[in-house]
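Here are some friendly notes to read beside the model. Please keep the structure open as you go through the points.

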Amino acid sequence: MRKALLAGLWAAGLSMAVTAAHAETIRIANHGQAGIDAMKSTVAEIEKKYGVTVEVVEYPAPDKDYVTKLLTELAAGNGPDIFSVPSASYVADMVAAGYLAPIGKELKAWDGYNQLYDVAKELAVSPDGETYVLPSMLGINQIYFRRDVMDKAGISTEQPKTWADLIDRAKEIRAKTGQYGLLFPAGVAWGGGAFEEGFQHLLVGSKTPQLATADGKLNLTGEGIKDVFGVYKELIDNDLMPIQPLLGPEPWVIPKYEMFPAGKLVATTCGSWCYIFDWGRESKNPIPNVEKVVGTWTIPGQTSGQYVLAGLAAPWAVNSKAANVELAKKALLEIGSVPTEVSYAALIGNIPARKDAAADPDFQKLTELVPIHAAAENGVYLKQAAGFSAVSEGVARATEALLRKETDAAGAQKILVDYVKEVLGDDAVQ
Amino acid sequence: MPWIQLSYERRVAWQLRLILLPSVLLLLAFVIYPAVYSIYLSLTNEALTGAAALKPRFVGTRNYARLFSDAKFWNSLLVTLIFVIGSAVIGQFVLGLVSAVLLRRPLRWKPIFNSIILLPNAVPEVVAGFMWISMLAGGERATLSRIVAFFGIPAADWLQTFPLTMIIIVNTWRGIATAMILLTAGLSAISEEIYEAARMDGATPRQMFTRITLPLIAPTIFLYMLVSTVSTIAIFGFVYALTRGGPGGATELISIYIYNQSFTAFQLGYGSAVAVVALAFSLLIGVVYVRALKVEV
């Protein structure tokens, strides 16, 4: 009897010790091997500085699967303590769901705060005025084109001034080279990319450049939206962008990783990561001399203006139900250090959100990214609002209908409006 | 002792209940409870993100009303119907029956043929999916394109050009073994003496097949149809790995539609409503098989 009692007490003691040990473990969800490699020195720094064990868990790619796993775990209350959000359009909805811990106070007290670009600070603020994500990296989006292919065909590589100019250039490419002239990511399978890497680019330069209204609703009936879908329609109807690959399961693979390096697609929207991850030093199918061969255009406005689209690249957040929220917040800020940001830039190609990263010798070696980093301050963006993840899916569905030639621009806008209303209710949409 | 006072029959009855108890508990925990919970979810606006994730509301039958006017839902039902008929009812059954009949005969390499037919079942479905992606990929170097090139047919991106046909072929490949095993069991129950008597009466092989074999294995065929139809409706993994429901919804089976609504659009309530309707369809098919065809399950 006494032996059994002792054994019971020992087991209970062991269980408590294990629980205590778990409380000092921070679980970080990361996205892909490149991200894990970029975080290695930061993980060691967090463990050393706070005397904790950091468990880095690789979550699945692509983005959609990552988000699905993450949201399911967060909803079940067993999510990781710290995680990256692959697309900033999910942030407002994750805030509304109560998944993210506020970090505004800690962020402002952090010594790196003043080094952040203003655009990064603004992008990190949620519709409720509080900050829930660390804006450590920026995605700077432009149009990338094959300078060598265009030069050879005698096509001007000058910056297009308007949407019409851009479409004319795509038509000229098609006519003179026989290759696809311009790609805007579209369709359901591309996930958030249809919205973030395509639709947004044009919308910011349209007649109605914002979706969020002052009262936090979504205005999806603007003329600009229909005009943006009109650009897709024109590209599709004139066979200027590849359609079949976009309807497949991994739509970015063929156009981005095969057609563009082979010169079969001559221009596409992309972020700074394309210079490193898609076609540069970290690519499996690199374009030799990528800096010179591939040029960039800012995104022209509908009738005037030039736009460089800035977005938070996989911002980091703390689980509101983390085992130790305060400790997780401290660990989170370590991810915003210059060495970590430079490491991410080198391996993935996003742009550090800190201005002082420019002085880092390792960052200066990334000659493709240095000028983009300097231009980050001028980035424009869409104001976030709750419901953006539904808008993102609605844009994907609308552009898919355009890809399948089932509708026109007005029909695509109706698909978007109907979908968002179905998901969020009529009240959420102005 | 009350146990000893029980009659033999009652003791056996209690023993049977005890033996069944673990199965009943598992069924309750992993089948009945999730099904009932799905029905409850289908009456709410529960979501994985947004305000509805924090405070879900009861919305009555709104999800069902939306579902009946949802063209994508009807498309997924149609795709599922074609997929089930093409792969389970026709492909797997016909090839399974042919395999079972042929392998009943004394053949020299019979164990090897058996193994070849069974092999697809040994491959995990996602692995099978990726294997078939490489076989059906676009470009001249893909396996199928190289095979058809022998016959002068140009290379194609098979999963893009003939998506539904391709997933029907792949599912047929995966399911032949199950059909063959079940139908072999049915065939082995037919006494050889019946065929002997038929031969003595001058019956041709075709007459023996249509008038003896088929009628006698009919219960097995219907049982197979029931199992394969219901399990094919629920197929998800390898089709998702192959096409993710694309291109443009051409292979969006009802299972993939449920997944997309619940875990891509994050609408658990609406996804549950679709799942409940799919469950009702499966039950209906089961009842048709069991009652109308008088199958003993």
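What pLDDT does chain B average, and what share of the residues score at least 70? Chain B averages a pLDDT of 88, and 97% of the residues score at least 70; pLDDT is the predictor's confidence in each residue, from 0 to 100.

1. Ground rules. This is a predicted model, in which local features need pLDDT of at least 70 and side-chain atom pairs count only at pLDDT 80 or more, while totals for chains, interfaces and linings use all residues. Residues are numbered from 1 along each chain as its sequence is written, chains are lettered from A and ligands numbered from 1 in the order in which they are written, and side-chain values use heavy atoms, with hydrogens and water left out.

2. Confidence within chain B. The lowest mean, 61, belongs to helix 1 (residues 2-5) of chain B, and the highest, 93, to helix 2 (residues 8-41) of chain B. Helices here are DSSP runs of H or I with at least four residues, strands are runs of E with at least two, and both are numbered from the N terminus.

3. Record annotations on chain B. UniProt, in an unreviewed entry, places "domain: ABC transmembrane type-1" at residues 73-289 of chain B. UniProt positions are given in the numbering used here, feature names are shortened, and annotations may be inferred rather than shown by experiment. In the model, the end C-alpha atoms of residues 73-289 of chain B lie 25 Å apart, and the span is 78% helix and 0% strand. The unreviewed entry in UniProt also lists "transmembrane region" for several spans of chain B, among them 147-170 and 216-242. Residues 147-170 of chain B are 62% helix and 0% strand, with end C-alpha atoms 16 Å apart. Residues 216-242 of chain B are 89% helix and 0% strand, with end C-alpha atoms 38 Å apart.

4. The disulfide. A search of the whole structure finds 1 disulfide over all chains, a disulfide being a pair of cysteine sulfur atoms within 2.5 Å. A:Cys270 is joined to A:Cys274, with an S to S distance of 1.6 Å. The torsion about the S-S bond of A:Cys270 and A:Cys274 is about 55 degrees, so the disulfide is right-handed. A:Cys270 is buried, at a relative accessible area of 0%, and A:Cys274 is buried, also with a value of 0%. Buried means under 20% relative accessible area, exposed over 50%, and partly exposed in between (1.4 Å probe, protein chains only).

5. An enclosed helix in chain A. In helix 9 (residues 193-203) of chain A, 11 of the 11 residues are buried, so this helix is largely enclosed by the rest of the structure. The buried residues include A:Glu196, A:Glu197 and A:His201.

6. The second largest pocket. Its volume is about 940 Å³. Of the 35 residues that line this pocket, the closest to its centre are A:Val253, A:Ile254, A:Glu258, B:Gly138 and B:Asp157. The elements giving two or more residues to the lining are helix 11 (253-262) of chain A together with helix 7 (125-136), helix 9 (158-161) and helix 13 (237-243) of chain B. Helix 11 of chain A gives the most, with 5 residues. On a 1 Å grid over the protein atoms alone, a pocket is an open set of points with protein on both sides within 12 Å along at least five of seven lines, a cavity is a set where a 1.4 Å probe fits but cannot get out, and lining residues have an atom within 4 Å of a point. Grid points are joined across faces, edges and corners, and a volume is the space filled by probe spheres set on the points.

7. The cavity. The count comes to 1 cavity of 30 Å³ or more. About 70 Å³ of space lies in the largest cavity, and its lining includes A:Ala88, A:Leu123, A:Pro127 and A:Gln384. Helix 4 (91-96) and helix 6 (118-124) of chain A are the elements that give two or more residues to this lining.

8. Positive phi in chain A. A:Asn289 has a phi near 60 degrees, a positive value in a residue other than glycine; A:Asn289 lies in the loop between helix 12 (273-278) and helix 13 (290-293) of chain A. A:Lys405 is not a glycine, yet its phi is positive at about 55 degrees. The loop that holds A:Lys405 runs between helix 18 (388-403) and helix 19 (409-424) of chain A.
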